Amino acid sequence: MIRDEYDFSNSTKNVYAKKTKKQVTINLDVEVIEYFKYLAEIKGIPYQTLINMYLSYCVEQNMQIDVKWKAKAFA
């Protein structure tokens with residue numbers, strides 16, 4: 001049975017509400033996935049969580065990536 005009214009006066013704010021996640025599709029090299037699965041097994045956590053933790057750390061540290069693209073010559 002559903003009540004007509006609910007009392008939320010003693011409720012607390014959801015501390016995880018700010019940390020919502022969004023599902024995305026990303027293509028990763030097999031070696032990358034295997035590496036994170038290996039590390040995750042050692043740590044006892046899901047590999048997706050480990051990847052998210054690593055990327056979150058990169059964001060927190062404001063890590064920059066030095067990428068230099070090389071054009072391929074076509075024969």
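Colleague: Why is Ile26 called exposed?

Modeller: This is a predicted model. In it, Ile26 has a relative accessible area of 57%. Exposed means over 50%. The value passes that cut-off, so Ile26 counts as exposed.

Colleague: Where does Ile26 lie?

Modeller: Ile26 sits in the segment before α1, and α1 covers 30-43.

Colleague: What makes the nonpolar patch on the surface?

Modeller: Four residues form the patch: Val24, Ile26, Leu28 and Val32. Together they have about 330 Å² of accessible area. Patch residues need over 30% relative accessible area.

Colleague: What lines the largest pocket?

Modeller: The lining has 21 residues. Val24, Gln48, Ile51, Asn52 and Leu55 lie nearest the centre of the pocket. The space inside is about 880 Å³.

Colleague: Which helix supplies the largest share of that lining?

Modeller: That is α2, with 10 residues. Both α1 and α2 (47-60) give at least two residues each.

Colleague: How do the residues of the lining of the largest pocket divide?

Modeller: There are 11 nonpolar, 6 polar and 4 charged residues.

Colleague: What about the second largest pocket: how much space lies in it?

Modeller: About 170 Å³. Its lining is Tyr54, Leu55, Cys58, Val59, Met63, Gln64 and Ile65.

Colleague: Why does the lining of the second largest pocket have 6 nonpolar residues and 1 polar?

Modeller: Tyr, Leu, Cys, Val, Met and Ile count as nonpolar. Asp, Glu, Lys and Arg count as charged. The lining has no charged residues.

Conventions: Residues are numbered from 1 along each chain as its sequence is written. This is a predicted model: local features need pLDDT of at least 70, side-chain atom pairs count only at pLDDT 80 or more; totals for chains, interfaces and linings use all residues. Side-chain values use heavy atoms; hydrogens and water are left out. Patches are made of residues with over 30% relative accessible area and no salt bridge: like charges are joined within 9 Å, nonpolar side chains (Val, Leu, Ile, Met, Phe, Trp, Tyr) within 5 Å. Accessible areas come from the Shrake-Rupley method with a 1.4 Å probe; for residues, only the protein chains shown count as cover. A salt bridge is a side-chain nitrogen of Lys or Arg within 4 Å of a carboxyl oxygen of Asp or Glu. Helices (H or I, at least four residues) and strands (E, at least two) are DSSP runs, numbered from the N terminus. Buried means under 20% relative accessible area, exposed over 50%, partly exposed in between (1.4 Å probe, protein chains only). On a 1 Å grid over the protein atoms alone, a cavity is a set of points where a 1.4 Å probe fits but cannot get out, and a pocket is an open set with protein on both sides within 12 Å along at least five of seven lines; lining residues have an atom within 4 Å of a point. Grid points are joined across faces, edges and corners, and a volume is the space filled by probe spheres set on the points.
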